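Please look over the sequence and the structure shown below, and then read on for a report on a handful of its residues.

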Amino acid sequence: AVLRADDPANLPPIISALYDGGVRLIEITMTVPNAVKQIRRAIDEGPEDMVVGVGSVLNAETALEAIGAGAEFVVSPVFKKEIFEVCLQRNIVVIPGAFTPTEACNAADAGANFVKIFPAGSLGMGYLKSILAPMPDLRLIPTGGVTIENAGEWLDAGVAAVGIGSDLLDKEAIRAGNFDKITELAKQLMQGIKNR
């Protein structure tokens with residue numbers, strides 16, 4: 001689950017709601033106010049088996065701060081060598097962004113654990129299948145365009161995982177404090193994946 005909350009006060013109940021719905025891995029993006037502090041808080045106060053990482057990382061300094069707060073993985077919308085070096089030196093999972101087959105291959109060759117394909121919605125599942133046909137060992141994670149309804153289809157297309165944000169984190173429900181809705185959406189997501 002990719003968390004881009006406007007109000008950090010909503011993060012703990014969102015994380016609890018996602019957990020209750022079966023989600024065990026969250027990415028707190030650097031677009032969240034006081035994101036590094038929120039990562040530390042999610043790790044200290046959240047469920048023990050929730051894996052917490054950082055997203056929207058654009059430089060090594062930010063990666064270092066998030067890792068220092070306990071982030072277990074680092075996601076970037078782009079490929080930057082400085083972010084790689086920080087993560088690889090500390091044995092932290094690094095997930096750079098890519099858009100083309102060449103970018104995805106170069107990221108994997110550099111040591112990326114996974115490669116984020118972004119924005120995947122504008123490319124479609126057929127595009128990822130086409131990339132994976134000659135390079136089946138690539139561990140791709142599409143984000144942008146992944147929905148509760150199509151998450152399983154992306155996985156069927158051969159990707160390693162999916163990143164899902166806005167379709168899972170209903171803004172109106174969050175504004176209204178209706179975190180049960182988030183739990184229900186998370187359950188739908190997980191059920192849809194398990195039923196494939």
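With which side chain does the side chain of threonine 29 make a polar contact? In this predicted model, the partner is threonine 31, whose side chain makes a polar contact with that of threonine 29 at 2.6 Å.

Threonine 29 itself belongs to strand E2, which covers residues 25-29. Its relative accessibility is 0%, and because buried means under 20% relative accessible area, threonine 29 counts as buried. Leaving aside residues up to four places away in sequence, threonine 29 touches Val2, Leu3 and Arg4, and it also touches Ala35, Gly55 and Ser56.

Serine 56 lies in the loop that runs between strand E3 (51-55) and helix H3 (60-68), and it has a positive phi of about 60° although it is not a glycine. Asparagine 34, which is found in the loop between E2 and helix H2 (35-45), is likewise a residue other than glycine with a positive phi, in this case near 55°.

| Residue | Relative accessible area | Class |
|---|---|---|
| Threonine 29 | 0% | buried |
| Leucine 140 | 0% | buried |

Leucine 140, the last entry in the table, is found in strand E8, which is made up of residues 140-142. What does leucine 140 touch, not counting residues up to four places away in sequence? Its contacts are Ala104, Val115, Ile117, Leu128, Ile131, Leu132, Val159, Ala160 and Ala161. With a relative accessible area of 0%, leucine 140 is buried. The C-alpha atom of leucine 140 is separated by 26 Å from that of alanine 69, and these two residues are 71 residues apart along the chain.

Methods: Residues numbered from 1 in each chain as written. Predicted model: local features only at pLDDT ≥ 70, side-chain atom pairs only at ≥ 80, totals over all residues. Heavy atoms only, no water. Helix = DSSP H or I, 4+ residues; strand = E, 2+ residues; numbered from the N terminus. Buried < 20%, exposed > 50% of the residue type's maximum accessible area, 1.4 Å probe, protein only. Polar contact = N/O pair within 3.5 Å; in protein donor to acceptor, adjacent residues only side chain to side chain. Contact = heavy atoms within 4.5 Å.
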